[in-house]
Amino acid sequence: RLPGAGAGGGEGLATIRAGGGFALVEDPRGAEAPTMPPAGIAAAAVDYVLPIAQMANLLVSMVEGSRT
């Protein structure tokens, strides 16, 4: 988790992706802090934008997919 509003979050996500990681952020429409996710989205540093309730399913499917 990269807390913080503004460009810092987007820059951090871009760094993670540049290192081979992936980034997911909470959909701003349901976010407790809706000003935070747009920084990563605007920086085009996000692979997935999902409601919190869908994030666990995505992560499980990614892990299960890597086992095959």
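These legends describe close-up views of a predicted model. Local features need pLDDT of at least 70 and side-chain atom pairs count only at pLDDT 80 or more, while totals for chains, interfaces and linings use all residues. Residues are numbered from 1 along each chain as its sequence is written, and side-chain values use heavy atoms, without hydrogens and water.

View 1. Asp-27 sits in the loop between strand E1 (24-26) and helix H2 (37-42). Helices (H or I, at least four residues) and strands (E, at least two) are DSSP runs, numbered from the N terminus. Asp-27 has 11% relative accessibility, so it counts as buried. Buried means under 20% relative accessible area, exposed over 50%, and partly exposed in between (1.4 Å probe, protein chains only). Beyond its neighbours within four places in sequence, Asp-27 is in contact (heavy atoms within 4.5 Å) with Val-49, Leu-50 and Pro-51.

**View 2. Pro-51 and Pro-28.** Pro-51 lies in the loop between strand E2 (48-50) and helix H3 (52-66). Its relative accessible area is 34%, so Pro-51 is partly exposed. The C-alpha atoms of Pro-51 and Pro-28 are 8.3 Å apart, with the two residues separated by 23 residues along the chain.

**View 3. The largest nonpolar core.** Five residues form this core: Leu-13, Ala-23, Val-25, Ala-45 and Val-46. A nonpolar core is a set of buried Ala, Val, Leu, Ile, Met, Phe, Trp, Tyr and Cys residues joined through side-chain atoms within 4.5 Å. Leaving out residues up to four places away in sequence, Ala-23 touches Leu-13, Arg-17, Ala-45, Val-46, Asp-47 and Tyr-48.

**View 4. Tyr-48.** Tyr-48 belongs to strand E2. At 31% relative accessibility, Tyr-48 is partly exposed.
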